[in-house]
Amino acid sequence: MRRRALLALPVLLTAPVAHAQQRPLRIITPFATGGATDTLARIIGARITALTGQAVVVEARPGAGGDLAMQAGAAAEPDGHTLVLGSDSSMVRNPMLRRGIPYDPERDFAPIARLVVSWYAIAVNAALPVRTLADFIAWARANPGRVNYGSAGPGTLAHVIGEMMSQGLGLDMQHVPYRGASPALQDLVAGRLQFYAVSAGGLLNLLREGSVRVLAVTGATRQPALPGVPTIAEAGFAEYDHSAFYSLSAPARVPPGFVDQTGALLGRVIGEPDTAERLRALALDPAFLDPAAFRAFLAAERIRWRDIIARTGLRLEG
């Protein structure tokens, strides 16, 4: 039984060693501490430690829309001691939309698991005289140059949704990138941003305070936390209905056994009812895919986004 337990460890060791001598498993995250992705990594890391005894450290590398974290993950030794938290932007869209990114998501990473899918809230500063998404679009058209919209960095889904709306609806909106969702939300509350398509985990407390207003949510159905808010499709703008995913990958060339074992362990973690409940409280819906299914999902998403970009002519500045 002890031998089977050692084989289940997420880090492949060349020989059994004392726990105190083991190097910790590092999870590199792409955004500032305190946000939903940081919390996601810490929840997963704590459960890995509880199940295996393997120490886990979370290392934030915010900036450049996730590029710095992905670059650090790609450069890490493929020895089973580093994972990187990727997203739909870093694992799928960035090479299609932004020149010169310092990594190749297809070449530089071994996909291990999709963990969660995050629905997005289309939010505005509560002082704006708008109650619906159509109201906001009309107000933005009547006030060119007065709308700043935020994102957690270039290429992130908030940036993509904002630019798709700007270009598709003829809105004069300025993109303001941040190093994570939390500082962008602070500026939305303060009125320095007027609009933000935000992963909703950090937003719910602000709604109770009345400092922001949600006009629509992404996804096929209304969110239980916001039953009175229509989906973006119900609001009449289904073409902007996109959600994010978050995943874990290892540097390319890690042993296949590490990928399979770690994928199985992550599936167990995401399947725990208590863990799932904690994730849903962050507006992160458990959506586990094992390594093979995740690779197939990534291939399909890359085809889907190439078609969207070709059809819409979407381009990103910065």
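Is serine 89 buried or exposed? I looked this up first, and serine 89 turns out to be buried, with a relative accessible area of 1%. For my own reference, buried means under 20% relative accessible area, exposed means over 50%, and partly exposed is in between (1.4 Å probe, protein chains only).

**Ground rules.** I'm working on a predicted model, where local features need pLDDT of at least 70 and side-chain atom pairs count only at pLDDT 80 or more, while totals for chains, interfaces and linings use all residues. Residues are numbered from 1 along each chain as its sequence is written, and side-chain values use heavy atoms, with hydrogens and water left out.

**Confidence.** I checked pLDDT, the predictor's confidence in each residue, from 0 to 100. The chain has a mean pLDDT of 89, and 92% of its residues reach 70 or more. Over residues 1-21, though, the pLDDT is below 50, and this stretch has 30 contacts in the model beyond near neighbours in sequence. A contact here means heavy atoms within 4.5 Å.

**Back to serine 89.** I found serine 89 in helix H4 (residues 88-97). Helices (H or I, at least four residues) and strands (E, at least two) are DSSP runs, numbered from the N terminus. Not counting residues up to four places away in sequence, serine 89 touches Gly65, Asn94, Gly155 and Thr156. Its side chain also makes a polar contact with the side chain of serine 87, at 2.8 Å. A polar contact is a pair of N or O atoms within 3.5 Å; within protein, one must be able to donate a hydrogen and the other to accept it, and residues adjacent in sequence count only if both atoms are side-chain atoms.

**Helix H3.** Next I looked at H3 (residues 67-75), where Asp67, Ala69, Met70, Ala72 and Gly73 are buried. What covers them includes strand S1 (25-29), strand S3 (82-87), H4, strand S4 (109-118) and S10.

**The core.** Which residues have the most contacts inside the largest nonpolar core? I noted Leu40, Ile44, Leu115, Leu133, Phe136, Phe195 and Leu203, in a core of 97 residues. Helix H6 (residues 157-169) gives the most to this core, with 7 residues. The term covers buried Ala, Val, Leu, Ile, Met, Phe, Trp, Tyr and Cys residues joined through side-chain atoms within 4.5 Å. I then picked leucine 203: leaving aside neighbours within four places in sequence, it is in contact with Ala121, Ala123, Leu185, Val198, Val212 and Val214.

Most residues other than glycine have a negative phi. I found arginine 253 with a positive phi near 80°, in the loop between strand S10 (244-251) and helix H9 (256-270). Arginine 253 counts as exposed because its relative accessibility is 66%. Alanine 283 has a positive phi too, near 65°, and lies in the loop between helix H10 (273-280) and strand S11 (284-289). Alanine 283 is buried, with a relative accessible area of 1%.

**One last pair.** I looked up arginine 295, which is found in helix H11 (residues 291-312). Arginine 295 counts as partly exposed, at 44% relative accessibility. From C-alpha to C-alpha, arginine 295 and glutamine 54 are 26 Å apart in space, and they are 241 residues apart in sequence.
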